[in-house]
Amino acid sequence: MDASGDTEGPRVPEGDGPAESARETLSRLSREQLLVLISAASMNLGSMLCYSVLGPFFPKEAKKKGASNTVIGMIFGCYALFELMASLLFGKYLVHIGAKFMFVAGMFVSGGVTILFGVLDQVSEGPIFIALCFLVRITDAISFAAAITASFAILVKAFPNNVATVLGSLEIFSGLGLVLGPPLGGFLYQSFGYEFPFIFLGCIILLMVPLNLYILPNFESTPVKQSFWKLISLTKVTFITFVINSLSACFGFLDPTLSLFVLKKFNLPAGYVGLIFLSMALPYTISSPLFGLLSDKMPHLRKWFLVFGNIITAVCYMLLGPVPVLHIKSQLWLLVLMLAMNGISAGMSLIPTFPEILSCAYDNGFEEGLSTLALVSGLFSAMWSVGAFIGPTLGGFLYEKIGFEWAAAIQGLWALTSGLVMGLFYLLEYSRKRRRLKLQNIPGTEEERSALLPDENQP
């Protein structure tokens, strides 16, 4: 093992063999794989619809109830904080609880609390409203953590050789939820009021529960004692989690701030604000399957995706406002263009992270099986949650103190730092490999080594 925490291991699910190409995922699905895809797709779509529906109108309604921008950011951010803690717990005990039960139970609770969120406007303004918002969001976060952790583990178990392709393809449904959520939420809010979007989406989630209970296969596995701390202590995994943090923070930053900025700066109605959110979600949805396919077919491209995806994201956030030092006038077309580019760069840098962590885990002695998949799934969800907590919480605070333009630029610095750190790690890794190759090619090295070691053929 070198200083990066990597070894040259034989078991890496790259999926680039001729018999196990990405086309297998799309055209040679077994019945079990097809049912797993349907279940995961329904969960991705439903959860992202519920998550993104808040953006266009909830900050405005919360302000009417006496919540400040900072509190609104914390309401968005607490979701991620509790998802973080729950993901680590569920990842550790998934094999004991059962992947299918965890998946279905998570969806059931999520649907119920989404409906409850729709009746909060009946609560009196002030501390009671704010406290109930926190309570419902926390419950939803725990249920979502259960469903997404189980989903990742089941998917990788069903598609061990096409991890990035499958995850990238399922981002179509996550992206579709992000695409439809804001405009659908804005339209339903304008047409029927605050309650209807939540009741409508909550009922859809609940209807998916019996479907998944029936079609999702059972995956049994023997519990194996594995450690989160051993996994995250690997240098490469640590840096990749930093990338995941920065990307989720960038997404989360926009939830409490973008709608308020657009309403104030361009005087758009809530329905149009939903279309602004769509300008980022749609490119992400389209580009993610492509980056997933490329990551599986050409694994050497993953490092480039991770580095340049973060750098492009940083540039996009510098120009969202834009940052005042650039002396560029804020215009709607520029905002939409940067959001669209951010959608593509997010797919570029996010999709390779899961297979990279999984490959590193296998290289460093983690056993192949549902226990390791659950650990990686829980770690991925938890690290995403760290950024998703910091993004909206810090974003709401910075928006209130220094405005959207500077707040977005500070967020972009996080993405820039993670991209540069990841790039430096890969350069050092490449340098170490070259030094090892040079040592192996020095004349006399093999002879000297053979002279020092006993002959294996001698008795």
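Reply: Let me begin with a term we will need, since the bend at a residue means the angle between two axes, one fitted to the seven residues ending there and the other to the seven starting there. Please also keep in mind that this is a predicted model.

Me: Okay, so where does α10 bend, and by about how much?
Reply: The bend in α10 is at T257, and it comes to about 45°. From its first C-alpha to its last, this helix of 32 residues reaches 45 Å, which is close to the 46 Å expected at 1.5 Å a residue.

Me: Why is α10 described as largely enclosed?
Reply: Because 25 of its 32 residues are buried, α10 counts as largely enclosed by the rest of the structure. The helix is followed by N267, which has a positive phi, near 55°.

Me: And α7, what span should that one have, and what do its end C-alpha atoms give?
Reply: Helix α7 covers residues 163-192, and its 30 residues should span 44 Å at 1.5 Å a residue; the end C-alpha atoms are 41 Å apart, so the two values agree. There is also a kink of about 30° at G181, shortly before the proline P182.

Me: Is α7 mostly covered or mostly uncovered?
Reply: Mostly covered, given that 21 of the 30 residues of α7 are buried. After α7 comes G193, with a positive phi near 100°.

Me: Stepping back, how many helices and strands does the protein have?
Reply: There are 17 helices and zero strands in the protein. Of its 459 residues, 58% are buried, and among contacts with a separation of 6 or more, 87% are between residues 24 or more positions apart.

Me: Let's switch to aromatics. How many pairs turn up in the whole structure?
Reply: The search of the whole structure finds 17 aromatic pairs. One of them is F239 with F425, whose ring centres are 5.5 Å apart and whose planes lie at 65°, and because an angle over 60 degrees counts as edge-to-face, that is how this pair is classed. It links distant parts of the chain, with F239 in α10 (residues 235-266) and F425 in α16 (residues 404-441), 186 residues apart.

Me: How exposed are F239 and F425?
Reply: F239 has 27% relative accessibility and therefore counts as partly exposed, whereas F425 is buried, with a relative accessible area of 4%.

Me: Which residues do ring pairs link into a cluster?
Reply: That cluster is made up of F253, F261, F266, Y317 and F404.

Me: What about lysines over rings, which ones and where?
Reply: K230 lies over the face of F366, at 4.9 Å from the ring centre, and the charged end of K303 sits over the ring of Y426, 5.7 Å from its centre.

Me: New topic, what does the side chain of S279 reach?
Reply: It reaches the backbone oxygen of I276, at 2.5 Å. S279 belongs to helix α11 (residues 270-297) and is buried, with a relative accessible area of 13%. Leaving out residues up to four places away in sequence, S279 touches V336, L339 and A340.

Me: Last one, which residues is M48 in contact with?
Reply: Apart from its neighbours within four places in sequence, M48 is in contact with F144, S174, G177 and L178. M48 is placed in helix α2 (residues 31-52), and at 15% relative accessibility it counts as buried. M48 and V179 are 131 residues apart in sequence, while in space their C-alpha atoms are 9.0 Å apart.

Terms used:
Residues numbered from 1 in each chain as written. Predicted model: local features only at pLDDT ≥ 70, side-chain atom pairs only at ≥ 80, totals over all residues. Heavy atoms only, no water. Helix = DSSP H or I, 4+ residues; strand = E, 2+ residues; numbered from the N terminus. Expected span 1.5 Å × (residues − 1). Buried < 20%, exposed > 50% of the residue type's maximum accessible area, 1.4 Å probe, protein only. Phe/Tyr/Trp six-rings, centres within 6.5 Å; stacked < 30°, edge-to-face > 60°. Lys NZ or Arg CZ within 6 Å of the ring centre and 35° of its normal. Polar contact = N/O pair within 3.5 Å; in protein donor to acceptor, adjacent residues only side chain to side chain. Contact = heavy atoms within 4.5 Å.
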